[in-house]
Amino acid sequence: MTRKGEREKRGNGRGSVRRLPSGRWQWRASIELPSGEVRRVAGTVATKTEAEDALSRVRTDAARGQFSVSPQTTLGEYLAAWHEQRQAGLAAKYAHSQKSLIENHITPGLGRRRLATITPRDLETFYAGLTYQDERREETKGKPLGDSMRRQIHNLLHLAFAEAVRHGDLMRNPADVARPRYTRDAAKEEKVKAWTPEQASAFYAVARRDRLGSVFCFMLSTGLRVGEALGLRWEHVDLHSGRVEVKEALVSLAGVAHRTTPKTPRSRRTITVSGDALDILREWQERPILDREAQAKGKPYAGSDAVFTNTLGGPILPDTIYRGLRALCAAAKVPYLGAHACRHTFISMMGAQGQPVEVVSAQVGHARPSFTLDRYRTVFAKEREALTLDFSALTKDSERKP
C-alpha cells in the first residue's frame with residue numbers, strides 16, 4: 001500500500017503517481033511536444049485508478065504526437081501544441097499568420113494563464129488592451145489594434161477553445177460569450193474596398209501597358225487572389241481552351257517564396273478565361289524569349305515554369321508588387337485600396353451586373369456565398385439610384401385598371 005506523500009516508482013519516461021496528505025492522488029509525467037520541446041505535466045484526481053488512467057492517457061497521446069492537457073497547462077502551452085499539430089493541414093500563409101497572432105499577441109497577454117481558469121471577462125479585458133506590436137511600423141506601434149485583427153484573434157481563440165471542449169479538456173468555451181468590442185472607427189461607414197467601374201476602367205487602361213500591371217489586369221478580369229495568380233504554372237494553363245487550373249499559391253514567408261495549397265478546399269478550382277485575359281496569358285508565354293535576349297549581356301537568365309515572372313525568369317514574389325501597384329494607382333488617378341482591390345472589384349462588378357452570388361463565389365473560390373456577400377460585395381452608388389418607391393404613381397396605375 002502506498003502511504004500518504006509516498007511516490008510510486010516507475011521506469012524512466014513512465015511518469016509517477018503519489019498519494020497526497022489530503023488523500024487525493026497526483027500524477028506527473030514529462031512529455032515531448034511535436035516541436036521537440038519537453039514539458040512537465042501533472043494533475044490531481046480523487047483515486048489512484050483515475051491517476052493511473054490519466055498517466056496512461058498522457059503516455060498514449062505523447063506516443064501519437066498529441067498533447068495532453070492537465071489542470072496546470074497554460075494557454076501558451078496549449079496553443080503552441082495545438083497549432084503545431086494542425087498546421088500541416090493549413091495553407092502556409094494562413095498557418096504563418098496564425099502563429100504570428102499566437103506569438104505576438106495572445107501569448108504575451110494570456111499565455112501564462114492556466115487554460116482552465118480563463119473566463120469570458122478575461123478575454124474581453126484582453127481584447128480591449130490589444131495593441132499593434134510590429135516594430136517595423138513606428139506609425140502604428142503601441143496603438144490600439146484594428147477591429148479586423150481583434151476578430152481574427154477572437155476567431156482563433158474560439159477555435160482552439162472549442163477543440164479543448166470537444167476533447168473534454170474544458171467544460172465550456174469562454175469565447176462563446178466574450179466578444180471584441182467595436183471601436184468608434186468600426187461604427188463609421190465601412191471603408192471602400194473596391195473601385196467603381198469607372199475607376200477600374202481607368203486603372204486597367206494604365207496598367208495594361210505595364211509589365212507588372214498586366215498581372216493586376218489579369219487578376220481584375222478573373223478575381224484570382226494575388227498568391228493564386230503568381231503561383232500559376234504553365235502546366236496549369238491551356239491557351240487553346242482558356243482553362244486555368246488553380247492548384248497552388250505562391251506566398252512570401254519572411255521574404256522567402258513558398259509554394260503552398262490554395263487558401264481553402266474550394267479554392268482548388270478550374271476557371272475559363274477569354275477576351276483580353278486570355279491575350280495577357282499569350283503575351284506572357286512570349287516574354288521569356290524577350291527576357292533572355294535582354295539578359296544576354298547582364299545577369300544569367302534563370303527561367304522557371306511560372307506564368308508570371310520577373311526579368312530573370314523567376315516567379316514574382318507577392319511582397320514585391322505593392323510598390324508597383326501604388327505607382328499604377330497614382331498614374332491612373334485612382335485610390336490605392338491594397339492588393340485585394342482587384343478581387344473586391346471583380347466580385348462587386350459581377351454582382352452589379354446581376355451574376356448570381358453562388359456563381360461568383362464559386363469562381364473566386366470562397367467557402368460560402370454568404371462570405372462573398374458579407375466581406376467582398378461593394379454596393380456602388382449608381383446601383384442605389386432611383387430606388388425610391390413612388391406610391392402616387394402606383395396608386396394612379398391601380399386606378400387605371402378596371
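This is a predicted model: local features need pLDDT of at least 70, side-chain atom pairs count only at pLDDT 80 or more; totals for chains, interfaces and linings use all residues.
Trainee: How many helices and strands does the protein chain have?
Mentor: Helices (H or I, at least four residues) and strands (E, at least two) are DSSP runs, numbered from the N terminus. Counted that way, the secondary structure of the protein chain comes to 15 helices and nine strands.

Trainee: What share of the protein chain's residues count as buried?
Mentor: Buried means under 20% relative accessible area, exposed means over 50%, and partly exposed lies in between (1.4 Å probe, protein chains only). Of the 402 residues in the protein chain, the buried share is 38%.

Trainee: How are α2 and α3 oriented to each other?
Mentor: Axes are lines fitted to C-alpha atoms, for helices over the stretch in contact, and angles run from 0 to 180 degrees between N-to-C directions. The axes of α2 (residues 75-86) and α3 (residues 92-110) come within 10 Å and cross at roughly 175°. Angles under 35 degrees count as roughly parallel, over 145 as roughly antiparallel, 65 to 115 as roughly perpendicular and the rest as oblique. Therefore the pair α2 and α3 is roughly antiparallel.

Trainee: Which residues of α2 make the contact with α3?
Mentor: Contact means heavy atoms within 4.5 Å. On the α3 side, the contact includes Ala-95, Gln-98 and Ile-102. On the α2 side, the residues are Leu-75, Gly-76, Leu-79, His-83 and Arg-86.

Trainee: Which helices do the buried residues of α3 pack against?
Mentor: The buried residues of α3 include Leu-101, His-105 and Leu-110. Their packing partners are α2, α4 (120-128) and α5 (147-166).

Trainee: How do α3 and α5 lie relative to each other?
Mentor: Their axes come within 11 Å and cross at roughly 100°. That angle makes α3, relative to α5, roughly perpendicular.

Trainee: How many nonpolar residues are in the contact of α3 with α5?
Mentor: Ala, Val, Leu, Ile, Met, Phe, Trp, Tyr, Cys and Pro count as nonpolar, Asp, Glu, Lys and Arg as charged, and the others, Gly among them, as polar. Among the residues making the contact are Leu-101 of α3 and Met-149 of α5. The contact has no charged residues, three polar ones, and its nonpolar residues number seven.

Trainee: At what angle do α13 and α14 pack?
Mentor: Helix α13 (residues 357-364) and α14 have their axes 8 Å apart. They are roughly perpendicular to each other, with a packing angle of about 90°.

Trainee: Is Ser-370 buried, partly exposed or exposed?
Mentor: Ser-370 sits in helix α14 (residues 369-376). Its relative accessibility is 38%, so Ser-370 counts as partly exposed.

Trainee: And is Lys-333 buried or exposed?
Mentor: Lys-333 lies in the loop between α11 (322-332) and α12 (341-352), and its phi is near 60°, a positive value in a residue other than glycine. Because its relative accessibility is 78%, Lys-333 counts as exposed.

Key: Residues are numbered from 1 along each chain as its sequence is written. Side-chain values use heavy atoms; hydrogens and water are left out.
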